[in-house]
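Student: I would like a close look at one part of this protein, with some context around it. Could you walk me through it?

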Amino acid sequence: MKHTKKKSLLIKLFVVGLGLGTLGLFCLMGLFIYIASGLPPVREINSQRVEESTKIYDREGKVLLYEIHGNQKRTVIPFTEIPDSIKQATISIEDSDFYKNPAFDWKGILRAIWVDVTRGGALQGGSTITQQLAKNTFLTPERTIIRKLKELVLAWRLEQYYSKDEILDLYLNRVPYGSNAYGIESASQLYFGKSARDLDLNESAMLAALTKAPTYYSPWGNNLKKLIDRKNAVLERMNELGFITEDQAATAQKKELGIAPQSAAGIRAPHFVIYVQDYLNRKYGSAYVQRAGLRVVTSLDWEMQQMAEDAIKTGVKRNSELYGGKNAALVAMDPKTGQVLALVGSADYFDSENEGNFNVAVQGLRQPGSAFKPFAYMTAFEKGFTPDTLLWDVETEFNTTIDEPEKSYKPANFDETFRGPITMKDALAQSINIPAVKTLYLAGAVNTIRNAEKFGLTTLGDRDRFGLTLVLGGGEVKLIELVNAYGVFAAEGMKNDISPVLKVSDKNGVILEEYTSSAKRVIDPQYPRLINDILSDPDLRAPLFTSNLPLTQVRGYQIALKTGTTNNYVDAWSMGYTPSLVAGIWVGNNHREPLQKKGGSILASIPIWHDFFSKAVKKYEPETFNKPEPISADLPILRGEMPPSEPHNILYYLGRLDDSQFKNWEDGVLEWLKTNVFDASRFAAKGDETSLSGGQINIDIVSPKNGEMINGQIMVAANIKSIAPLDKIYLLFNSVVVDQRIDGLTNEYTYQASVSPSPLNPQNLLEIQVTDKSGLQAKQNLILFH
């Protein structure tokens with residue numbers, strides 16, 4: 001009886017248990033169906049819009065300068081280009097049975113549940129790579145049983161729809177590695193400054209070690225040692241699984257990790273990059289740029305950029321100690337294309353105390369000082385004046401309002417001396433102020449501004465603000481525009497738009513924009529050539545630079561150069577160029593504190609310019625400037641001639657005796673002559689002389705060629721023709737006569753000479769001067785390098 005009752009009870013319990021189990025199974029199935037019905041189809045994971053950061057590269061498309069991104073910095077890379085080392089390292093530490101197990105690991109899940117139940121807290125742990133992919137792609141980071149069940153369903157679905165390789169591919173391109181870097185490519189660029197394609201075993205192990213807790217294990221944080229320990233554990237596990245040998249693991253463990261500095265890892269050439277980003281945002285919209293995965297190849301020459309940053313860093317340190325100059329900026333461009341090759345907007349972008357992130361090169365408005373003078377002289381040449389035109393460097397009152405002495409304007413020269421009569425070319429090359437103001441008056445301020453704007457200066461629009469002080473730098477300019485304008489001189493009047501970007505492509509490789517030439521002629525080439533001829537002559541600028549003259553030259557290259565210093569030494573500039581490269585330097589302080597100890601351009605900016613330019617220009621083959629066409633002037637004063645018995649200011653010889661400035665200029669000349677004498681023979685009439693070969697005498701120098709390198713003996717050959725018989729031939733080397741011919745000359749003469757002049761300078765001037773029997777003179781010259 002008891003046995004029967006016991007058996008009946010067991011049957012009842014079995015039936016009840018079976019019913020409850022069945023009910024539980026149905027409930028569980030219902031729960032899974034309910035959970036699954038609300039989940040997205042996993043087949044959409046490939047079509048799901050994945051935000052990719054926009055990458056900004058150097059001109060070679062190799063150096064990643066910066067990634068513009070929203071919340072996630074990501075670059076998708078094909079699975080075939082991901083090294084086996086990173087695949088194997090990830091599998092070893094995250095899911096060693098990835099290629100063997102199904103979507104989830106039941107043992108791991110049960111083990112995690114047991115730990116969570118016994119210790120309390122939310123469900124955690126036990127996730128395979130497939131589960132992590134499901135969680136990171138489709139789910140929120142909350143830790144609940146429901147979310148875990150959703151993860152299991154999605155993982156199972158992923159395994160039904162995708163192969164193991166495809167799942168690993170999706171995982172490696174989406175997993176977070178810290179510091180907003182998502183995916184292996186962004187992580188590799190961030191921490192090692194290289195593409196994931198180039199990762200070695202040791203680096204791969206470190207990145208695999210990061211994914212467990214990217215913030216905690218950050219190589220820039222306080223737990224670097226723990227990251228190294230975990231990285232080494234990854235290598236040991238790879239060895240245990242047979243991916244690598246014991247020797248490979250040991251070698252990698254000993255190898256130093258070349259982790260990039262945090263600031264460098266985030267951004268290179270920061271002022272330039274932000275300049276490019278602003279351009280992209282204006283053109284495409286910031287939201288699109290952040291998520292579209294654009295590939296931007298800029299014009300930046302990374303090697304040249306490093307030269308620029310080094311020169312600025314070294315120069316500012318020196319200037320800070322000597323002159324209290326704590327900042328500097330530099331821009332280098334290709335004058336033939338307008339492409340920006342290097343840009344440093346301030347001494348240190350990350351120096352917030354001194355507003356280092358302010359981009360002086362692009363945003364700053366600074367007075368250019370004498371760096372503006374070439375525009376006035378070029379405009380004067382365009383109006384018919386010549387480089388040999390004589391002006392008087394004497395104290396001069398330019399205010400013509402007699403009744404308003406408070407408006408007096410008497411500019412001074414930098415050395416506080418007056419030279420008397422001087423040619424325009426000497427005045428420009430030596431940056432003498434008073435002749436420059438007179439030149440601006442003769443050229444016209446409005447005409448000069450118009451030419452400056454044609455050359456690319458955009459900040460001189462309010463013409464009412466400017467008077468004769470304009471030529472001494474009274475109008476503010478931007479460094480990048482001034483460099484581009486000097487590039488127009490180098491390109492002989494061909495202007496290019498400033499171009500920081502070469503190509504923009506979307507993430508599918510479709511080209512959205514690409515650099516095309518914008519060159520257009522803005523002035524006849526004769527007038528820029530005249531400026532180039534003056535600014536590239538080291539003999540003309542020697543009196544200004546004296547012992548610093550070597551800092552204006554680079555052996556083997558013909559360089560045109562102009563400096564500028566503003567009132568009270570607030571701004572110091574150096575602008576230099578060849579036909580292939582133009583670079584400008586600004587030196588000063590962000591809050592316009594003056595440089596101390598008269599730290600003007602020659603002392604504070606020229607050393608920085610030379611430090612950079614002497615290295616950067618060697619990336620180009622030497623190139624010489626084209627000579628201007630011969631100039632023939634009717635008025636003696638325009639040929640550099642002035643009667644010694646009647647020294648007057650230039651307005652007298654131009655017949656402008658009723659000019660409002662005539663009396664002031666004439667008074668200055670007469671006052672200077674009371675206490676000074678000048679060598680009248682320098683300005684005596686020379687006949688109808690042309691500034692270059694021309695007129696009735698033709699000189700054709702056959703050998704050597706302009707821009708040729710010399711070392712010792714020079715073979716000179718020239719064909720000379722004139723209408724009248726020749727009287728004298730002189731060969732000059734650096735203004736010293738090294739050979740002459742007087743006898744046996746005809747009107748057609750083949751000149752030949754072998755000379756070994758000494759000393760040889762980095763840049764030398766060889767010149768042939770000819771006089772015929774009628775007194776007509778002509779000369780022809782060329783530049784030789786040593």
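Is Thr54 buried or exposed, and why does it count that way?

Tutor: Happy to take you there, and please keep in mind that this is a predicted model. Thr54 counts as buried because its relative accessibility is 0%, and the cut-off for that label is under 20%. The residue belongs to strand E1, which covers residues 54-57. Its surroundings can be listed by contact: leaving aside residues up to four places away in sequence, Thr54 touches Tyr66, Glu67 and Ile68, and also Val289, Gln290, Gly293, Leu294 and Val296.

Now for the wider setting. The protein chain has 786 residues, 53% of them buried, and its secondary structure consists of 24 helices and 24 strands. Of the contacts between residues at least 6 apart in sequence, 70% link residues at least 24 apart. The chain exposes about 35700 Å², with 51% coming from carbon and sulfur atoms.

For another buried part, look at helix H15, residues 373-382: nine of its 10 residues are buried, so the helix is largely enclosed by the rest of the structure. Among those buried residues are Phe375, Tyr377, Met378 and Phe381. The buried residues of H15 pack against helices H16, H17, H18, H19 and H20, and against strand E14 (560-565). Just past the end of H15, Gly384 adopts a positive phi of about 115 degrees.

Methods: Residues numbered from 1 in each chain as written. Predicted model: local features only at pLDDT ≥ 70, side-chain atom pairs only at ≥ 80, totals over all residues. Heavy atoms only, no water. Helix = DSSP H or I, 4+ residues; strand = E, 2+ residues; numbered from the N terminus. Buried < 20%, exposed > 50% of the residue type's maximum accessible area, 1.4 Å probe, protein only. Contact = heavy atoms within 4.5 Å. Areas by Shrake-Rupley, 256 points an atom, 1.4 Å probe, with all protein chains shown as cover.
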